[in-house]
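Subject: Structure handover, with notes

Dear colleague,

Please find the structure below, followed by my notes on what was found in it. I have kept the cut-offs beside the terms as they come up, in the hope that this helps your own checks.

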Amino acid sequence: RSVLEIDPDSIWLDLCLNSDLATSRCRAFLRGYVEDSVQEVPTLGPEETAKKRTITSANSLLQVWR
């Protein structure tokens, strides 16, 4: 299945071949995933909600990657 007209199998092959393009695409995906992992959560303070990142460790990110 292609996403944004990019075949995921070719990304894996290109990573094995040390392709700079594949590396930059993977970095962009992971960076965007972490940046977009913010959710509004209720708080007990004067503000009703606060933004909290849901990806808090490399292990969390690794689980998504697999």
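Two remarks on the source come before the rest. This is a predicted model, in which local features need pLDDT of at least 70 and side-chain atom pairs count only at pLDDT 80 or more, while totals for chains, interfaces and linings use all residues. Residues are numbered from 1 along each chain as its sequence is written, and side-chain values use heavy atoms, with hydrogens and water left out.

Overall layout

The secondary structure of the chain comes to 3 helices and 2 strands, and from the N terminus on the elements run α-α-β-β-α; helices (H or I, at least four residues) and strands (E, at least two) are DSSP runs, numbered from the N terminus. Of the 66 residues in the chain, buried residues make up 9%. Among the contacts with a separation of 6 or more, 19% are accounted for by residues 24 or more positions apart, contact meaning heavy atoms within 4.5 Å.

The loop between H1 and H2

Serine 19, the residue of the opening question, has its place in the loop between H1 and H2, and it caps the N-terminal end of H2, with a side-chain oxygen 3.3 Å from the backbone nitrogen of leucine 21. A polar atom of the serine 19 side chain also lies 3.3 Å from the backbone nitrogen of alanine 22. A polar contact here is a pair of N or O atoms within 3.5 Å; within protein, one must be able to donate a hydrogen and the other to accept it, and residues adjacent in sequence count only if both atoms are side-chain atoms.

Asparagine 18 lies in the loop between helix H1 (8-16) and H2, and its phi is near 60°, a positive value in a residue other than glycine. Asparagine 18 counts as exposed, because its relative accessibility is 63%.

Helix H2 and its aromatic pair

The 16 residues of H2 should span 22 Å at 1.5 Å a residue, and the end C-alpha atoms are 22 Å apart, which agrees; the expected span is 1.5 Å times one less than the number of residues. A search of the whole structure finds 1 aromatic pair. Phenylalanine 29 and tyrosine 33 form this pair, which is tilted, at 6.0 Å centre to centre and 35° between the planes. For reference, rings of Phe, Tyr and Trp (its six-membered ring) pair if their centres lie within 6.5 Å, and planes under 30 degrees apart count as stacked, over 60 as edge-to-face and the rest as tilted. Both residues lie in helix H2 (residues 20-35), 4 residues apart, about one turn of the helix. Phenylalanine 29 counts as partly exposed at 41% relative accessibility, and tyrosine 33 likewise counts as partly exposed at 33%.

Cysteines and tryptophan 12

The structure holds 0 disulfides, a disulfide being a pair of cysteine sulfur atoms within 2.5 Å. Cysteine 16 is exposed, with a relative accessible area of 63%, whereas cysteine 26 counts as buried at 12% relative accessibility. Tryptophan 12, which has its place in helix H1, is partly exposed, with a relative accessible area of 45%. Tryptophan 12 and cysteine 26 are 14 residues apart in sequence and 9.7 Å apart in space, C-alpha to C-alpha.

Serine 37 and the strands

Serine 37 has its place in the loop between H2 and E1 and counts as buried, because its relative accessibility is 7%. The side chain of serine 37 reaches the backbone oxygen of valine 34 at 2.7 Å. Not counting residues up to four places away in sequence, serine 37 touches Lys52, Arg53, Thr54 and Ile55.

Strand E1 (residues 38-42) and strand E2 (residues 49-53) pair in the antiparallel sense over 5 bridges, two strands being paired if DSSP finds at least two bridges between them. A hairpin joins E1 to E2 through 6 residues. Valine 38 stands opposite arginine 53 in E2, and valine 41 stands opposite alanine 50 in E2.

With kind regards

Conventions:
Buried means under 20% relative accessible area, exposed over 50%, partly exposed in between (1.4 Å probe, protein chains only).
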